[in-house]
Amino acid sequence: MLKGKKILLGITGSIAAYKATLLVRELIKAEAEVKVILTPASLDFVTPVTLSTLSRNPAITDFYIEKSAGEWVNHVELGLWADLMLIAPASANTLAKMNQGISDNILLTTFLSARCPVWVAPAMDLDMYTNASTAENFVALETKGIRILDSAEGELASGLVGKGRMQEPEQLFSVVQEFFEPNSILKDKNVLITAGPTQENIDPVRYIGNRSTGKMGVALANAFVEYGAEVQLVLGPSSIEVDRTQIEVFDVKTAIEMLEKTKEFFSSSDITIFSAAVADYRPKMVADQKIKKSDSEMNITLTKNPDIASEMGRLKSSKQINIGFALETDNELENAKKKLIAKNFDAIVLNSLQDAGAGFGHDTNKVSIVSKNNIVESTELMSKQNVAKKIVNFTEDLVNEKISSTL
Ligand code: C5P
């Protein structure tokens with residue numbers, strides 16, 4: 001299952017470093033490609049020879065392979081090579097430096113240039129673990145999209161008993177396996193997502209738009225892919241980078257184009273998420289030529305755009321799940337619930353406008369997920385990636401509910 005998957009394993013200075021050797025052995029057995037980077041402090045616990053032998057690749061310990069010959073380790077290339085970067089064990093020191101962007105060793109430098117998902121498996125004494133600075137670093141790293149493979153309770157090297165033990169190599173191996181071969185109920189499900197703004201033409205050079213960036217929709221698309229779904233993304237004009245090798249993207253400009261593309265794929269979609277900020281109106285007439293400046297006032301007559309979510313709500317079968325978004329300024333919950341019913345959604349994600357950092361353009365969001373009966377979950381302000389994960393986990397529950405109600 002892990003055949004050919006490229007895994008960069010970072011090892012830091014902790015007694016748990018010896019367990020990383022067992023993880024490497026498991027990964028190699030599963031036919032993954034593994035490259036190991038060791039921090040200077042880790043060398044007190046494990047040797048490069050052990051890791052080179054087990055990983056079948058030279059273990060990397062320094063910025064240079066042969067300094068006198070000017071032969072250096074290309075950390076950017078390493079960062080691009082990896083499908084997954086896992087730092088296990090991750091010491092409190094390395095976690096703090098990762099959070100600060102400090103790059104004083106080859107592991108940290110590679111971390112800064114990695115484009116793949118980065119996970120950490122912390123290992124430290126229980127008081128270091130609960131120390132306020134470490135706790136802050138955990139939260140901050142998570143907000144930046146780093147996955148924390150939380151430590152377990154147990155006997156620690158200090159002789160104390162508490163939280164701080166690195167997860168066992170077998171556990172780490174199964175999380176990696178699950179990532180590449182997800183076991184989720186969403187595996188192979190067709191997920192259709194509308195995202196971004198729409199642009200409604202006034203003339204060949206002007207349009208009516210809005211401030212949506214598409215960040216939330218792209219984060220959702222990535223999260224569903226991570227859970228093994230087949231994702232199609234109908235995306236309005238957006239400058240957000242999308243991994244088009246994993247996600248089928250249809251670029252659209254106007255609400256009408258978005259409706260057409262959504263309609264084309266809706267009947268084969270198991271789950272459809274309407275996260276686009278669709279313009280409610282468009283100019284009734286689109287001028288063929290650039291409109292010249294003449295009078296002191298100018299009027300544009302607008303006509304109503306189709307409501308994509310409502311139209312798909314009418315076409316929805318009992319097996320399909322539709323999830324919408326709502327951005328309300330007053331009577332938030334009540335209005336969101338009304339929208340849920342009017343558009344035949346199975347659930348609606350209510351964006352909070354009350355909090356700085358939530359909504360359009362921000363990297364963070366704070367939402368309430370509302371189902372037909374109640375608020376299922378209200379999140380803290382967190383990264384859009386983590387909000388996306390919450391929505392995906394909630395969708396798993398909805399799929400399970402649908403399955404058990406049809407039994
Ligand atoms: O009615 P309102 O625009 O607040 O509804 C928001 C929800 O409906 C979002 O899920 C949005 O993507 C969807 N919508 C749509 N087509 C429109 C307007 C909104 O799909 N024309």
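Me: In this predicted model, which residue has its charged end over the ring of Trp81?

Reply: The residue is Lys35, whose charged end sits over the ring of Trp81 at 4.5 Å from the centre of that ring. Another case of this kind involves Arg147, which lies over the face of Trp119, with 4.4 Å to the ring centre.

Me: How should I read a pair of rings, and how many aromatic pairs does the structure hold?

Reply: The general idea is that a pair of aromatic rings is described by the distance of the centres and the angle of the planes. In this structure there are 5 aromatic pairs. Take Tyr129 and Phe138 as a case: their ring centres are 5.1 Å apart and their planes stand at 45°, so this pair is tilted. Tyr129 and Phe138 are both buried. A stacked pair is formed by Phe250 and Phe265, with 4.7 Å from centre to centre and 20° between the planes.

Me: Where do Phe250 and Phe265 lie along the chain, and is Phe250 buried or exposed?

Reply: Phe250 belongs to strand S14 (residues 247-251) and Phe265 to helix H10 (residues 255-266), so their pair ties together parts that are 15 residues apart in sequence. Phe250 has a relative accessible area of 12% and is buried, and Phe265, with a relative accessible area of 15%, is buried too.

Me: Turning to sheets, what is the order of the strands in the open sheet of 5 strands?

Reply: The order is S2-S1-S5-S6-S7, and the pairing in this open sheet is parallel. At its edges stand strand S2 (33-38) and strand S7 (147-148), each of which has a single partner strand, so one side of each is left without a neighbour in the sheet.

Me: Which helix lies across strand S1 and S2, and which helix touches strand S5 and S6?

Reply: Helix H2 (residues 48-55) lies across strand S1 (6-11) and S2, and the direction of H2 runs at about 170° to S2. Helix H4 (residues 92-100) packs on the sheet and touches strand S5 (84-90) and S6, making an angle of about 150° with the direction of S6.

Me: How many of the residues of helix H5 are buried, and what covers them?

Reply: In helix H5 (residues 106-113), 7 of the 8 residues are buried, and the helix is mostly covered. Among the buried residues of H5 are Ile106, Leu107, Leu108 and Phe111. Their cover includes the strands S1, S2, S5 and S6, together with helix H3 (75-81) and H4.

Me: Is Lys144, by contrast, buried or exposed, and where is its place?

Reply: Lys144 counts as exposed, at 52% relative accessibility, and its place is in the loop between helix H7 (132-143) and S7. Although Lys144 and Asn99 are 45 residues apart in sequence, they are 8.7 Å apart in space, C-alpha to C-alpha.

Me: How do strand S8 and strand S9 run, and how many bridges join them?

Reply: Strand S8 (residues 152-155) and strand S9 (residues 161-165) run antiparallel and are joined by 4 bridges. Glu155 stands opposite Val161 in S9, and in the hairpin of S8 and S9, with its 5 residues between the strands, Gly159 takes a positive phi near 95°.

Me: What pairing does the open sheet of 8 strands have?

Reply: In that sheet the pairing is mixed, and the strands follow the order S14-S13-S10-S15-S18-S19-S21-S22. S14 and strand S22 (375-378) stand at the edges with a single partner strand each, so one side of each is left without a neighbour in the sheet. From one strand to the next, the twist averages 15°. Within the sheet, strand S10 (residues 190-195) and strand S13 (residues 230-235) pair in the parallel sense over 6 bridges, and Ile193 stands opposite Leu233 in S13.

Me: Into which domains is the protein divided?

Reply: The division gives domain 1 (6-180) and domain 2 (190-285 + 297-406), and their C-alpha centres lie 36 Å apart.

Methods: Residues numbered from 1 in each chain as written. Predicted model: local features only at pLDDT ≥ 70, side-chain atom pairs only at ≥ 80, totals over all residues. Heavy atoms only, no water. Phe/Tyr/Trp six-rings, centres within 6.5 Å; stacked < 30°, edge-to-face > 60°. Buried < 20%, exposed > 50% of the residue type's maximum accessible area, 1.4 Å probe, protein only. Helix = DSSP H or I, 4+ residues; strand = E, 2+ residues; numbered from the N terminus. Lys NZ or Arg CZ within 6 Å of the ring centre and 35° of its normal. Pairing = 2+ DSSP bridges. Contact = heavy atoms within 4.5 Å. Axes fitted to C-alpha atoms, helices over the stretch in contact; angles between N-to-C directions. Domains from an automatic or database assignment.
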